Amino acid sequence: MQELHGYYLEDLEVGMSASYAKTISESDVYMFAGISGDNNPIHINDDYAKTTPFKKRIVHGMFSAALISTVAGTRLPGPGAIYIDQQIKFRAPVFIGDTAKATLTVTEIDQKRRRVTAKTEVHVGETLVATGTGIFMVDRREAAE
């Protein structure tokens, strides 16, 4: 099972960073709406979206948050980490066809509580579309042996 585990607490350092990028398709938006139940017309109805300040459909904000979860669960801290908390602010819209890149950067490690705090950001190109802080519980190596 070791090969299925991400970083252990002892392996992490402040400043470590990892990213995941995805070009978001129309079918991604429809599937996310189906899975989440969020069928707000701003996401799925072209005619409605044209009447909004954005003038076209926008991707669910929580889709960006899901990309952060992808980084945390697959790259850093990686498999085995438990998502404890996420504070997030959405700063700009993401549109269908955009490539959103989520990045997680370790900012603090609490060895005693097994908590890792990370700055979480999502960019489309140079534009910061979501920003926040995530907290994760991470295994110690000794506990896994």
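Start by selecting Val 122 and Ala 130: Val 122 stands opposite Ala 130, which is in strand S5. The model on screen is predicted.

Now show the strands. Five of them form an open sheet, in the order S1-S3-S4-S5-S2, with antiparallel pairing. At the edges are S1 (17–23) and S2, each of which pairs on one side only. From one strand to the next, the twist averages 20 degrees. Strands of a sheet pair through backbone hydrogen bonds.

Select strand S4 (residues 115–124). How many of its 10 residues are buried? Eight are, so S4 is largely enclosed by the rest of the structure.

Strand S3 (residues 99–110) runs antiparallel to S4, and 10 bridges join the two. S4 and S5 are also antiparallel and are joined by 10 bridges.

**Two hairpins**

Go to Arg 114. The hairpin of S3 and S4 has four residues between the strands, and Arg 114 takes a positive phi near 60 degrees there. Then go to Gly 125, in the turn of the hairpin formed by S4 and S5. Two residues lie between these strands, and Gly 125 has a positive phi of about 60 degrees.

**The helix across the sheet**

H4 lies across S1, S2, S3, S4 and S5, and runs at about 140 degrees to S2.

With H4 on screen, turn to the largest nonpolar core. Which of its 27 residues touch the most other members? Select Ile 24, Leu 76, Leu 104 and Val 122. H1, H4, S3, S4 and S5 each supply at least two residues of this core. H4 gives the most, with five residues.

Centre the view on Leu 104. Leaving aside neighbours within four places in sequence, Leu 104 is in contact with several residues, including Met 16, Val 71, Leu 76, Ala 118 and Phe 136.

**Aromatic pairs**

The count of aromatic pairs comes to two. For the pair of Phe 32 and Phe 63, the arrangement is tilted, at 5.3 Å centre to centre and with 55 degrees between the planes. Phe 32 lies in helix H1 (residues 26–36) and Phe 63 in helix H4 (residues 61–74), so this pair ties together parts that are 31 residues apart in sequence.

Tyr 83 lies in strand S2 (residues 82–90) and Phe 136 in strand S5 (residues 127–137), so the pair ties together parts that are 53 residues apart in sequence. Phe 136 is buried, with a relative accessible area of 1%, whereas Tyr 83 is partly exposed, at 32%.

**A charge over a ring**

For the last stop, select Lys 56 and Phe 95. The charged end of Lys 56 sits over the ring of Phe 95, 4.6 Å from the ring centre.

Terms used: Residues numbered from 1 in each chain as written. Predicted model: local features only at pLDDT ≥ 70, side-chain atom pairs only at ≥ 80, totals over all residues. Heavy atoms only, no water. Phe/Tyr/Trp six-rings, centres within 6.5 Å; stacked < 30°, edge-to-face > 60°. Buried < 20%, exposed > 50% of the residue type's maximum accessible area, 1.4 Å probe, protein only. Lys NZ or Arg CZ within 6 Å of the ring centre and 35° of its normal. Pairing = 2+ DSSP bridges. Axes fitted to C-alpha atoms, helices over the stretch in contact; angles between N-to-C directions. Contact = heavy atoms within 4.5 Å. Core = buried A, V, L, I, M, F, W, Y, C linked by side-chain atoms within 4.5 Å.
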